[in-house]
Structure formats: structure tokens, C-alpha cells
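Here is a walk through one structure, taken a part at a time. Please keep the sequence and the 3D view open while reading.

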There are 2 protein chains.
Amino acid sequence: MHTLPSLVNLSLPDWVEREVDATRIYADDESRVALAIQLAQRNVELATGGPFGAAVFTAEGKLVSVGVNRVVPQSCSVAHAEMMAYMLAQTKLQRFRLNDPDGEFVLATSAQPCCQCYGATVWAGIDELLIGARAEDVEELTEFDEGPLPADWVGDLERRGVRVKQDILRTQAREVFVRYRQLGGANY
Amino acid sequence: MHTLPSLVNLSLPDWVEREVDATRIYADDESRVALAIQLAQRNVELATGGPFGAAVFTAEGKLVSVGVNRVVPQSCSVAHAEMMAYMLAQTKLQRFRLNDPDGEFVLATSAQPCCQCYGATVWAGIDELLIGARAEDVEELTEFDEGPLPADWVGDLERRGVRVKQDILRTQAREVFVRYRQLGGANY
């Protein structure tokens, strides 16, 4: 107990770089959420973390960063997909608020952000949040809990300049949790 | 834009290891919050981040990890003091939920957690949250915003097994923000 840890090192699985096309333009909401869902699905199949994926884009659809859930493999409750995507985007752009001083950024996530990722979304500097599965889908199909949110969580984000769009490819997003259950739900 | 970042590296400032006594027992609430306040104060004086500090202890008062705000120096909106302390404690103990399967853990923080750190507190695996300054102190004395929280944020934590104690050394905790203002408030 007598030494203090001072370094946090988190990483994405190796397969991410091989499987994600970082050169294409993700022009519409569906293609952006589809990438987040694909990441969630592969994370489950390859047993590299929980059934969640996310990605940060510019307004034009250039890919800035991606994230997948890494909680169990990296012993870190902060390592949710959205948190990984935010931290990696900020590292890449060397800004602690992505849209300051300029630019417009979008987070696409395979499922509604939990209470932690919700709070992080307030500070990350994005302008739009695209969501696949609903919180009720997560809680119906998995053991995960979304945690306590403000009663008007959408309104609180919109008043801070973050547009929220829900139910994008919801059916496909739900399928990730079904697959996760089929595989035993061991990694979360 | 065509390469995807895959590594997140965050660290505490070098002075932390020299200034914090990791061998002593922090037996009571006041000594635990006093350490969080000392960390916040030094972080301001040494210009290594914003005016916030935190620490994780065992129930007996052994120090597990400490954190200070590193948002600006490390270009990362996730790098709040509480988040750093949680991630470092989990890294040290190699558990993504500190109190699972056993043990009791306490987070002391120099100021009420913002919306992001609040959400992280739900998942980190602590049993008690000790708070110095109130959110209203932060908002009165600095430019920081605490973000949207559930209406009954204390009750929501307590129902999930996290006891909350507020106003511990509040006067001293407020002084950090006064000092931060005197120094120009440049790092946050």
C-alpha cells in the first residue's frame, strides 16, 4: 500500500485499427451509428470488453477517434466506450474541449450513455449526440444498469449546445446485446 | 485525420509522490479531506492543473491513490481529480470495482463532484464519499460549472450503497478557490 500509483494507461484492442476504415467519410447519422454498433459487436465477439462502441466524427463525417468498452480487460470503471472515444479524440487534437475554439463534433454511440458518460458528454466539447439502443434496451437485455440521470437529461444537454438524436438503427443496436447474452455475457 | 489514436496516457505531477505521505493512517474524515484540499492547493500553486484534489482510502485510513485535476496540462476533459483517483486506485488493486469482492473504500474530494465525477462515483466501487466545498462554493468563486445532476443526487448514491458526507473542512476547501483566483485562474 505504500507506493502511490501515478500513471493511467488505457488502450483499444489491436483489431480496431485493422477493422475500421479511418479514411472514409461517414456522411449521415446512420453510417455513424452503424460504426459504433459494429465496434460493439466485434468487441463482444472478440471478447475484448463489454457490448458498447462509440466514435467521434467531425460535422463533415471524418472519423476522429473510436472507442469500445474496456472495463474488465483494463480493470477500469472509467473505460466505457464513450469515455475512450472522448479521451482519444482529445489526445489526437490536443484540446480538452473538442469544439473550442472551433469546429463541430459528433459522438455516435451504440447505446444511450450511462450516468458517467452522460456527465463526460457535458464537458467533452461535442455538438451532437447520436444514440442507437435505448437505456431500456440495455436494461432489458443485459445486466447493466444505466445509473441515475437528471430527469430532463436530453433538455439539459440541448441547453448546453448538444443536440440529441435517439433510436438510430435501434434494432441493430439491440442485436448486440442479444449476441452478448448468447456468448454468456462474461465481459462487461 | 487518417490514423486512429489508440492509447490514453494520463499521469499525476511529479511533486505528488514527494509531498504525500503514503505510509500514514488517515484515521478520520477531516484528515482525509485535508489531504484532498492540500493536493488541490498545491496543484494551483505549482500550476499543474485545476483547483481540485481527491484521494481514495481504505475504511481503516490507508491511502490507496490520490488524484489532482489534469484537464489542461493533459488535454483531457476526463482528467478530473476524482476520475484520476479512481482510475489509479483500480489500476493498483487490479479491480474495476474497488469493493468487489471485498473491502470498504472511501473517496475524499476537495469539492462536490461534477456531473461526470458523480456518474463515475456510481461505478467505482466506493462505500463513502467525503466532500469539502459545496457546488455553490465552486460556482461562486470560480468559472467552473458543476453540470446537471439528478435532483436527489445524494439519495441516488445512498440507495446504491455510497454514504455521502458534506461540508467537511468547507472553509479551508473554499480557500483553494480564493487562491486560484488570486493566481489568475489560468489552469483548470
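Leu169(A) counts as buried because 22 C-beta neighbours lie inside 10 Å; a residue is called buried if 20 or more other C-beta atoms lie within 10 Å of its own, exposed if 12 or fewer, and partly exposed in between, with C-beta atoms placed from the backbone. Leu169(A) lies in the loop between β6 (163-165) and α7 (170-182) of chain A. Helices (H or I, at least four residues) and strands (E, at least two) are DSSP runs, numbered from the N terminus. The phi of Leu169(A) is near 55°, a positive value in a residue other than glycine. Most residues other than glycine have a negative phi, and most peptide bonds are trans.

This is a predicted model, in which local features need pLDDT of at least 70, side-chain atom pairs count only at pLDDT 80 or more, and totals for chains, interfaces and linings use all residues. Residues are numbered from 1 along each chain as its sequence is written, while chains are lettered from A and ligands numbered from 1 in the order in which they are written. Chain A averages a pLDDT of 96, and 97% of the residues score at least 70; pLDDT is the predictor's confidence in each residue, from 0 to 100. Where pLDDT is low, the predicted coordinates should not be read in detail. For the complex, the predictor gives an ipTM of 0.96 and a pTM of 0.97.

A positive phi is also found in chain B. Gln94(B) has a phi near 55° and is a residue other than glycine. With 9 other C-beta atoms within 10 Å, Gln94(B) is exposed.

The loop between α3 and β4 of chain B also holds Pro101(B). A cis peptide bond joins Asp100(B) to Pro101(B), with omega about 15°. In chain A, the peptide bond from Asp100(A) to Pro101(A) is cis, with omega near 15°, and Pro101(A) is found in the loop between α3 and β4 (105-111) of that chain.

Helix α3 (residues 81-93) of chain B has 13 residues and reaches 18 Å from its first C-alpha to its last, close to the 18 Å expected at 1.5 Å a residue; the expected span is 1.5 Å times one less than the number of residues. Since 11 of the 13 residues of α3(B) are buried, the helix is largely enclosed by the rest of the structure. Among the buried residues are Met83(B), Met84(B), Tyr86(B) and Leu93(B). What do the buried residues of α3(B) pack against? They pack against β1 of chain A, together with β1, β2 (53-58), β3 (63-68), β4 (105-111) and α4 (115-123) of chain B.

Strand β5 (residues 128-133) of chain B is mostly covered, with 5 of its 6 residues buried. β4(B) and β5(B) pair in the parallel sense over 5 bridges; two strands pair if DSSP finds at least two bridges between them. Within this pairing, Glu128(B) in β5(B) is the bridge partner of Val106(B). In chain A, Glu128(A) is found in strand β5 (residues 128-133). Glu128(A) counts as partly exposed, with 19 C-beta neighbours inside 10 Å. Leaving aside neighbours within four places in sequence, Glu128(A) is in contact with Val106(A), Val162(A) and Arg163(A); two residues are in contact if their C-beta atoms, placed from the backbone, lie within 7 Å. The C-alpha atoms of Glu128(A) and Ala59(A) are separated by 8.8 Å, although the two are 69 residues apart along the chain.

The last topic is how the chains meet. The contact takes 54 residues from chain A and 53 residues from chain B. On the side of chain A that touches chain B, β1 (7-11), α1 (15-19), β3 (63-68), α3 (81-93) and α4 (115-123) each supply at least two residues. The residues of that side divide into 32 nonpolar, 16 polar and 6 charged, where Ala, Val, Leu, Ile, Met, Phe, Trp, Tyr, Cys and Pro count as nonpolar, Asp, Glu, Lys and Arg as charged, and the others, Gly among them, as polar. β1(A) pairs with strand β1 (residues 7-11) of chain B in the antiparallel sense over 5 bridges, and Leu7(A) stands opposite Ser11(B).

Two copies of a chain are related by a rotation about an axis and a shift along it. Chain A can be laid on chain B with an RMSD of 0.0 Å by a turn of 180° and a shift of 0.0 Å along the axis, with the copies superposed by least squares on the C-alpha atoms of residues with pLDDT of at least 70 in both. That is the relation of a two-fold axis. The same surface serves both copies, as 98% of the contact residues of chain A recur in chain B.
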